[in-house]
Amino acid sequence: ITGFELALKCKSGKLTLRRVPLSLNEVVHAAVDTSRAMALKHGVELVEMLEEELPQLMLDEVKMRQVVVNLLVNAIKFSPERGTVKVRTRRDTSYVMIEVMDQGPGILPEETVHIFELFGQGLRGLDRKTGGLGIGLHLVKRISELHGAHVGVNSQPGNGSTFWVRLPLTL
């Protein structure tokens, strides 16, 4: 299934989850492994900062790994050569957080409103180096929401971005 087909399934409400108890750290580590070749190609270092002893969550492994891969791919695309992309997991009261931090150009406040929409690329999306179809972050949002999660971004132009997914401990 392509990203576009997955986006259409999300939009039509036909996407279903196959949840099983999983270690979020194992899902994140698998996503980092999947993204490593792209990071090497772009001269970007991937750093994992995974909090130990997180509780297992009811997740669809394939779809949640896709969420993290999409966040990592975006972070790699927007990071400078010899930059670092960090992915962190941590517990935050009744939630578990996934955070992907880059050293890219950051995002203007007026762009953050639209980047999670279908085809809602930021203004830099028209740039050949970082362009795409504008479906990756939409998929991140929709798949995360199906898991009962919230997504967002903290960013300032010139200071990189931190994309986050906040998953509830129970549903």
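Let's start at the hairpin of S4 and S5: two residues sit between the strands, and Thr-93 there takes a positive phi near 50°. This is a predicted model, so local features need pLDDT of at least 70 and side-chain atom pairs count only at pLDDT 80 or more, while totals for chains, interfaces and linings use all residues. Residues are numbered from 1 along each chain as its sequence is written, and side-chain values use heavy atoms, with hydrogens and water left out. Helices (H or I, at least four residues) and strands (E, at least two) are DSSP runs, numbered from the N terminus.

- As background, most residues other than glycine have a negative phi.

**Strand pairing**

- Strands count as paired if DSSP finds at least two bridges between them.
- S2 and S4 run parallel, joined by six bridges; Leu-46 has Val-85 in S4 as its bridge partner.
- S4 and S5 pair in the antiparallel sense over seven bridges, with Arg-90 opposite Met-97 in S5.

**Helix H3**

- The 18 residues of H3 should span 26 Å at 1.5 Å a residue, and the end C-alpha atoms are 26 Å apart, which agrees. The expected span is 1.5 Å times one less than the number of residues.
- Asp-60 caps the N-terminal end of H3, with a side-chain oxygen 3.2 Å from the backbone nitrogen of Val-62.
- Buried residues of H3 include Lys-63, Asn-70, Asn-74 and Lys-77, along with Met-64 and Leu-72.

**The core**

- The largest nonpolar core has 40 residues, and Leu-24, Leu-72, Ile-98 and Leu-167 have the most contacts inside it. Such a core is a set of buried Ala, Val, Leu, Ile, Met, Phe, Trp, Tyr and Cys residues joined through side-chain atoms within 4.5 Å.
- H3 gives this core its largest share, eight residues.
- Which residues does Leu-24 contact (heavy atoms within 4.5 Å), leaving aside its neighbours within four places in sequence? They are Leu-57, Leu-59, Met-64, Thr-89, Val-96, Ile-98 and Leu-167.

Definitions and conventions: Buried < 20%, exposed > 50% of the residue type's maximum accessible area, 1.4 Å probe, protein only. Polar contact = N/O pair within 3.5 Å; in protein donor to acceptor, adjacent residues only side chain to side chain. Contact = heavy atoms within 4.5 Å.
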